Amino acid sequence: MGSGTSIGKVRGLGSSHAGAHHWLLQRFTAIGNVVLTIWLVASIMMLPDLGYATVSSWLSQPIPAVAMILLIVCTFWHARLGLQVLIEDYVHQAGTKFGVIAALNLAVIGGGAFAIFSVARLALVGAA
């Protein structure tokens, strides 16, 4: 090894702060998922029955609809963040990595949009 200082040896080898934002987003979405899942379970337990009419009339109210949409966004965002890390760690070819992350983004956006549309339809049209 050279006679340079230890900071000189590692200078230019990358930032140690690169993953902090991603890590924080995972933690924030996890906390959001816990809080909203507790709300969902408690709300469902307070319903008189779990029939379609009861659940759809409950979900057509503004507060449950907004909270459910927040749960959907938070869950899909958290899943995307976690799966992105998994892909970045285990897929090594650049082209394959790009394709898999693109497919992941399409699946998350598609699934989230479908779920939000379903809740919004119930909220705006109400129980049919």
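Modeller: Start with how the angle is defined. Axes are lines fitted to C-alpha atoms, for helices over the stretch in contact, and angles run from 0 to 180 degrees between N-to-C directions. One caution: this is a predicted model.

Biologist: Good. At what angle do H4 and H5 pack?

Modeller: Helix H4, residues 62-90, and helix H5, residues 94-125, pack at about 170°. Their axes are 10 Å apart. Angles over 145 degrees count as roughly antiparallel, so H4 is roughly antiparallel to H5.

Biologist: Which residues of H4 and H5 meet?

Modeller: From H4, the contact includes Ala65, Met68, Ile69, Ile72, Val73 and Phe76. On the H5 side, Val100, Ile101, Leu104, Val108 and Ala115 are among them. By class, the contact of H4 with H5 has 16 nonpolar, four polar and three charged residues.

Biologist: And which residues are buried in H5?

Modeller: Ile101, Leu104, Val108, Gly112, Ala115, Val119 and Leu122. The buried residues of H5 pack against H4 and helix H3, which is 52-59.

Biologist: How far does H5 reach?

Modeller: H5 has 32 residues and spans 46 Å from its first C-alpha to its last. That is close to the 46 Å expected at 1.5 Å a residue.

Biologist: What about H4?

Modeller: H4 has 29 residues and reaches 42 Å, end C-alpha to end C-alpha. This is close to the expected 42 Å. Its buried residues include Pro64, Ala67, Leu71, Cys74 and Leu81. What covers the buried residues of H4 includes H2, H3 and H5.

Biologist: You mentioned H3. How does H3 pack with H5: what angle?

Modeller: About 85°, with the axes 8 Å apart. Angles from 65 to 115 degrees count as roughly perpendicular, so H3 and H5 are roughly perpendicular to each other. The contact is made by Tyr52, Ser56 and Leu59 of H3 with Val119, Leu122 and Ala123 of H5. By class, that contact has five nonpolar, one polar and no charged residues.

Biologist: New topic. How many aromatic pairs are there in the whole structure?

Modeller: A search of the whole structure finds one. Trp39 and Trp58 form this pair, and it is stacked. The ring centres are 5.7 Å apart, with 25° between the planes.

Biologist: Where do Trp39 and Trp58 sit?

Modeller: Trp39 is in helix H2, residues 20-46, and Trp58 is in helix H3. They are 19 residues apart, and the pair links distant parts of the chain.

Biologist: Is Trp58 buried or exposed, and why?

Modeller: Trp58 counts as buried because its relative accessibility is 11%. The cut-off for buried is under 20%. Trp39 is at 23%, so Trp39 counts as partly exposed.

Biologist: What about Asn33: where is it found?

Modeller: Asn33 is found in helix H2. At 13% relative accessibility, Asn33 counts as buried.

Biologist: Which residues does Asn33 touch?

Modeller: Leaving out residues up to four places away in sequence, Asn33 touches Leu71, Cys74, Thr75 and His78.

Biologist: Zoom out. How many helices and strands does the chain have?

Modeller: Five helices and zero strands. From the N terminus on, the elements run α-α-α-α-α.

Biologist: And what share of the chain counts as buried?

Modeller: Of the 128 residues, 26% count as buried.

Biologist: Last one. What share of the contacts comes from residues 24 or more positions apart?

Modeller: They account for 70% of the contacts in the chain with a separation of 6 or more.

How values were computed
Residues are numbered from 1 along each chain as its sequence is written. This is a predicted model: local features need pLDDT of at least 70, side-chain atom pairs count only at pLDDT 80 or more; totals for chains, interfaces and linings use all residues. Side-chain values use heavy atoms; hydrogens and water are left out. Helices (H or I, at least four residues) and strands (E, at least two) are DSSP runs, numbered from the N terminus. Angles under 35 degrees count as roughly parallel, over 145 as roughly antiparallel, 65 to 115 as roughly perpendicular and the rest as oblique. Contact means heavy atoms within 4.5 Å. Ala, Val, Leu, Ile, Met, Phe, Trp, Tyr, Cys and Pro count as nonpolar, Asp, Glu, Lys and Arg as charged, and the others, Gly among them, as polar. The expected span of a helix is 1.5 Å times one less than its number of residues. Buried means under 20% relative accessible area, exposed over 50%, partly exposed in between (1.4 Å probe, protein chains only). Rings of Phe, Tyr and Trp (its six-membered ring) pair if their centres lie within 6.5 Å; planes under 30 degrees apart count as stacked, over 60 as edge-to-face and the rest as tilted.
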